[in-house]
Amino acid sequence: MTEKIYTNLAPEPLGPYSQAIATDQLVFMSGQLGLKDGQLAPDLASQTKQAIMNMQHVLAAAGLSLENVVKTNCFLTDLDNFNEFNEVYARFFGDIAPARSAVQVGKLPAGAIVEIEAVAIR
């Protein structure tokens with residue numbers, strides 16, 4: 001059995017997908033961009049911060065927090081920004097950071113330069 005997770009505190013999906021889908025034990029979150037009120041944050045650090053804040057809103061709608069995240073997939077349009085991305089990311093995840101992949105992609109929706117998706121455990 002699955003449950004659609006939705007909050008109006010995170011951006012509306014830009015296509016035919018859910019913000020997250022939960023099962024009894026796991027929550028699969030769609031990629032979050034650095035969007036707030038329909039506006040993209042202006043730079044990598046602020047997009048990363050806003051994307052993670054959007055993740056927090058979706059997780060909260062499922063009764064969870066960043067501490068429940070066990071895996072993230074991070075997409076950057078330029079891996080030369082990897083260190084700056086890591087500095088912001090680390091502020092949110094602390095000592096027990098989830099497993100993670102980070103890859104460079106050619107383009108992201110809405111002109112974003114970072115997108116983060118996650119899997120959390122209930």
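I took helices (H or I, at least four residues) and strands (E, at least two) as DSSP runs, numbered from the N terminus. I worked on a predicted model, where local features need pLDDT of at least 70, side-chain atom pairs count only at pLDDT 80 or more, and totals for chains, interfaces and linings use all residues. Residues are numbered from 1 along each chain as its sequence is written, and side-chain values use heavy atoms, with hydrogens and water left out.

Entry on Q19. I found Q19 in the loop between β1 (3–5) and β2 (20–22). Is Q19 buried or exposed? I noted Q19 as buried because its relative accessibility is 2% (buried is under 20% relative accessible area, exposed over 50%, partly exposed in between; 1.4 Å probe, protein chains only). Its side chain reaches the backbone nitrogen of T7 at 2.7 Å. Beyond neighbours within four places in sequence, I listed contacts of Q19 (heavy atoms within 4.5 Å), including I5, Y6, T7, F28 and V58.

Entry on the sheet. I traced six strands in an open, mixed sheet, ordered β1-β2-β3-β8-β6-β7; two strands pair if DSSP finds at least two bridges between them. β1 and β7 (99–104) each have a single partner strand, so one side of each lacks a neighbour in the sheet. I noted an average twist of 15° from one strand to the next. β6 (residues 69–76) runs parallel to β7 over six bridges, and K71 has A99 in β7 as its bridge partner.

Technical notes
A polar contact is a pair of N or O atoms within 3.5 Å; within protein, one must be able to donate a hydrogen and the other to accept it, and residues adjacent in sequence count only if both atoms are side-chain atoms. Axes are lines fitted to C-alpha atoms, for helices over the stretch in contact, and angles run from 0 to 180 degrees between N-to-C directions.
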